[in-house]
Amino acid sequence: MRIFVIIFFALSLVSCGPGMNKILKSKDPAYKLKMAEKFFAGKKYGKAATIFEDIKPFYTSTPQYEDILYKWTYAIYNQKDYLNAENLFKTFVESYPNSPRTEEMEYMRAYTNYKLAPKPELDPSNTIKAIGMFQTFVVTHPGSVRVAESNRIIDELRNRLETKEYKGAKLYYDMGQFRAAGVAFTSLMDNFPESPLADEYQYMVVKSYYRFAELSVAEKKVERYQDVLTECNEFFDRFPESKWRKEIDNYMNISNSEIQKFSNNEQIKTTT
């Protein structure tokens, strides 16, 4: 049994081919390239990437280097090392702007930033960067088969940004910071005017300014209820058929009543 195990282990080593140390120590670049391509084809991307990087100095100025860089980049990408892959996709595009593969590499550079884009509540810098890259791709390659997918990803990433902004605005509201909430929901409206939730965002603007006016000192109430009316009118102009119309009517009626009441109080004070 012991002899059988030893023989099986030895055969396994042979079947795996030459070890990485032997390959990397070889003085034959062509042999190394052959082994790198073999590992790449076998989806052993870590080994392939190591060898591609090792032989780079021997092939940088040769016709073979375009294919080496292409496969090396994908070997890095397929290990989910998206940051380094993004740099290599960029290098390929800059090195071979007229290659038939350049469109693909431009798309994949944007896609690596999509992979790096975080959940909505985290830093959105990679999300914004990815949107910009995909938008550029769509403009520069309008006939590409990748345009539809690029537009889908742009929509997905914009939804992430919208979700992040909404959560921030809602947090202000939940914390009772109603003026800040009104400003944040207004910004959300401005940034995503075509959102299917746009009428809800404008409703929250009205609601936030109403709560701000409600809690204000008497001297400020008229001015701040007038701000509520302004936002109510903005709502009616933009969303005349919204499901929130009844609630907005209610805020408008209350605000008008409060303005009349506090205006009368001011007149009484003035005449006494």
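How many nonpolar, polar and charged residues does the lining of the largest pocket have? Hold on to that question while we look at the pocket together. Please keep in mind that this is a predicted model.

Let's start with the space itself. Rolling a probe the size of a water molecule over the atoms shows where empty space is left. Here, the largest pocket comes out at a volume of about 160 Å³. The largest share comes from H8, with 4 residues.

Now you can find the lining on the structure. Among the residues there are Lys 90, Val 93 and Glu 94, then Glu 106, Arg 109 and Ala 110, and also Met 133, Phe 137 and His 141. And back to my opening question: by class, the lining has 4 nonpolar, 3 polar and 4 charged residues.

Let's stay with H7, and bring in another helix, H5, which covers residues 65–77. The axes of H5 and H7 come within 12 Å and cross at roughly 15°. Angles under 35 degrees count as roughly parallel, so H5 is roughly parallel to H7. The crossing of H5 past H7 is left-handed.

Which residues of H5 and H7 make the contact? From H5 they are Tyr 70, Thr 73, Tyr 74 and Tyr 77. H7 brings Glu 104, Met 105, Met 108, Tyr 111, Thr 112 and Lys 115. Sorted by class, the residues of this contact are 6 nonpolar, 2 polar and 2 charged.

Methods
Residues are numbered from 1 along each chain as its sequence is written. This is a predicted model: local features need pLDDT of at least 70, side-chain atom pairs count only at pLDDT 80 or more; totals for chains, interfaces and linings use all residues. Side-chain values use heavy atoms; hydrogens and water are left out. On a 1 Å grid over the protein atoms alone, a cavity is a set of points where a 1.4 Å probe fits but cannot get out, and a pocket is an open set with protein on both sides within 12 Å along at least five of seven lines; lining residues have an atom within 4 Å of a point. Grid points are joined across faces, edges and corners, and a volume is the space filled by probe spheres set on the points. Helices (H or I, at least four residues) and strands (E, at least two) are DSSP runs, numbered from the N terminus. Ala, Val, Leu, Ile, Met, Phe, Trp, Tyr, Cys and Pro count as nonpolar, Asp, Glu, Lys and Arg as charged, and the others, Gly among them, as polar. Axes are lines fitted to C-alpha atoms, for helices over the stretch in contact, and angles run from 0 to 180 degrees between N-to-C directions. Angles under 35 degrees count as roughly parallel, over 145 as roughly antiparallel, 65 to 115 as roughly perpendicular and the rest as oblique. A crossing is left-handed if the near helix is turned anticlockwise from the far one by less than a right angle, and right-handed if clockwise. Contact means heavy atoms within 4.5 Å.
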